[in-house]
Amino acid sequence: MCGIVGYIGKLQASDVILKGLHKLEYRGYDSCGISLFNENIDDFILYKDKGRVNHLQDDFNYDFENHLGIGHTRWATHGAPNHINSHPHASVSGRFVVVHNGVIDNYKELTAKYLVGYSFESETDTEVIANLIESFASSYDVDIAIRKTLALLEGSYALLVIDTRNPHIIYAGKNKSPMILGKRADGICLASDLMALVGISDEYYLIEDKTFVKAVKDESGYAFEMYDPVGIEFCPVRNEVHLDTEEINKGGFPHYMLKEICEQPSVVRKIISNYAPDGKFIIDKEVLNLFANKKRIYILAAGTSYHAGLLGKVYFEKISGIPTEVFVASEFAYNKPILEKESVFVLISQSGETADLRACLVDIKKLGYQSLTITNVKTSTLAREATKYLEIFAGTEIAVASTKAYVGQVSVLVIIACVLEQDNKCSLLTEMGRLAVAMEAIIDRRDYIKELIKTRLLKRNAFYIGRGIDYFTCLEASLKLKEISYIQTEGFPAGELKHGTIALIEDGVPVIAIITQKHINKNTRSNIQEVKARGAEVIVISMNDIKESDDDIVLMDVHHILSPILAVIPTQLITYYKALDLGRDIDKPRNLAKSVTVE
Ligand code: F6R
């Protein structure tokens, strides 16, 4: 994953880069580093260490003129998160300095072929890149040395390179990992994500795969050059963005996660206003055409988005009547099932950058299939590369744990399913309005949940149980609880527990049961009795019309097919308050990153 920022221009480079790295910390945060041209001493400095950007910012000295630099915030792939493995990495002589996001699959082969006898400081694949450039630079111009190196790299990379002999250029290259270039009259910023450009530049350019870029300062000012894979210079398309700085502030909440949980009713309303501006769901005709005469829909996604996909299958089958299969992207990419010819692929991704999904997309395009990406980031790779995309309008999601994006994904899936329904009988629009009200009602009662979990969720492990669509909510709820609180949690089909896993139930083990559907109410309640009889500490989340007197969290009634969008909210709140109780790093849980750009 990792976040990279480079800057050349009139502003103090350290300010731009450190601010940018803060905004990109969602991409990885186990270590970070920066290299800057210090004009006072006419030389480059390099600071890096294990730890967060705050450490990089507060514990090093930036009290010198600097107008060119590159920075990095890391999510470790090769080698532990420590000082030595942190980026930037320098070549052996120190001449070339590189920051890298991605994974070079053939770095060992390249070392064996081109760098025999080199001694490396770190365990990273990035150091190999710096040294390849250096070795080619002994026989070629720097531009050629870098382009020769890029041509040899297999895998994913977004790279920034500086040649310490020339403090007027930043070089960049990319393949699969994202990178954009922001331009203002007095400088250029290169970064993994638009977020790093907030407050710096509204004008930006997307960098395509295998493009080689130079950001240069010359007599006339600051300019950039972009070259295609065969070395021909081209003019990229200019884009504009107006990022709402409010959106990326915590807005008075102690954590982004809580803010984003509380924003969910307004996400549903925003989706309604975008997809039903005139009191009726509408979807772009070209998107609908993707589904015309299709016998099957394949949904691909990862993590939380996969859980949204499981609900998507229910909606496409039950509302639209189209057979649908759902796959975890990392499995589908390398273990493809037999595919129906007349089908369409739906990719679900909050970030639109998930590498596992991108690998699938490349493959399905080769096979001639059309695709739709459902995403929160319309400028993302998966939005650009799929045949069509639809936005979920959740607004920037910053907490690593996905909450409002999940609700947005599921809501958009409901809407597509309704629009695809042949007889046009689906009337969920008013029901979605009611859903937003029910969501607000449970969010307003969050203090009650905060108190509840203090005495009821006390073990190292826990279970969520439910049947049918409630089971899918259980999967999402358990992922959330484990990733933020580190309590080992399993989501289980309630009726399946007795076929083995019930062996783990003993005194005090928390079992959270979700019951939103009338037709399985009695069955799930029998399963609750089975675990209670074995000592489980049971918490029941149910709907008003099927509640029992001692249920713990009772939700307002909503249309049964929309209930997963409501029932997930108390589970997010359970996660949030438990993690808070345990003193966890809520917005940046250990070992994770928001945008998973490595396979
Ligand atoms: C969990 C979470 C992850 C993501 C997964 C896919 O809270 O956020 O499981 O859902 O990494 O990411 P996207 O949706 O960006 O493709």
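In strand β24, V540 is the bridge partner of A513. This pair belongs to a set of six bridges that join strand β23 (residues 510–515) to strand β24 (residues 537–543), and the two run parallel. Strands and helices here are DSSP runs, numbered from the N terminus: a helix is H or I over at least four residues, and a strand is E over at least two. Two strands count as paired if DSSP finds at least two bridges between them.

A word on the ground rules: the model is predicted, so local features need pLDDT of at least 70 and side-chain atom pairs count only at pLDDT 80 or more, while totals for chains, interfaces and linings use all residues. Residues are numbered from 1 along each chain as its sequence is written, and side-chain values use heavy atoms, with hydrogens and water left out.

Back to the sheet that holds A513 and V540. Five strands make up this open, parallel sheet, in the order β22-β21-β23-β24-β25. At its edges stand β22 (488–493) and β25 (553–555), each of which pairs on one side only. On average, neighbouring strands are turned by 15° against each other, direction ignored. Helix α16 (residues 469–485) packs on this sheet and touches β21 (461–466), β22 and β23, where contact means heavy atoms within 4.5 Å. The direction of α16 makes about 175° with that of β22; such angles run from 0 to 180 degrees between N-to-C directions, with axes fitted as lines to C-alpha atoms, for helices over the stretch in contact.

A second open sheet has eight strands with antiparallel pairing, in the order β3-β2-β4-β1-β10-β9-β11-β15. β3 (43–50) and β15 (239–240) are at the edges with a single partner strand each, so one side of each has no neighbour in the sheet. Strand β2 (residues 31–38) is joined to β3 by eight bridges, and the two run antiparallel. In that pairing, N38 stands opposite D43 of β3. Lying across β1 (3–9), β2, β4 (66–74) and β10 (187–191) is helix α1 (residues 13–24), which runs at about 20° to β4. The loop between β4 and β5 (89–90) contains P88, and the peptide bond from H87 to P88 is cis, with omega near 0°.

Zooming out, the protein is divided into domain 1 (3–247), domain 2 (250–426) and domain 3 (441–586), with bounds from an automatic or database domain assignment. How far apart are the C-alpha centres of domain 2 and domain 3? They lie 25 Å apart. At the interface, 27 residues of domain 2 are in contact with 23 residues of domain 3. About 2100 Å² is buried between domain 2 and domain 3, and carbon and sulfur atoms give 76% of that; buried area is the accessible area (1.4 Å probe) that two parts lose on being put together, summed over both. On the domain 2 side, α6 (256–262), α7 (264–275), α9 (303–320) and α13 (404–420) are the elements that give two or more residues. The largest share of that side, nine residues, comes from α9.
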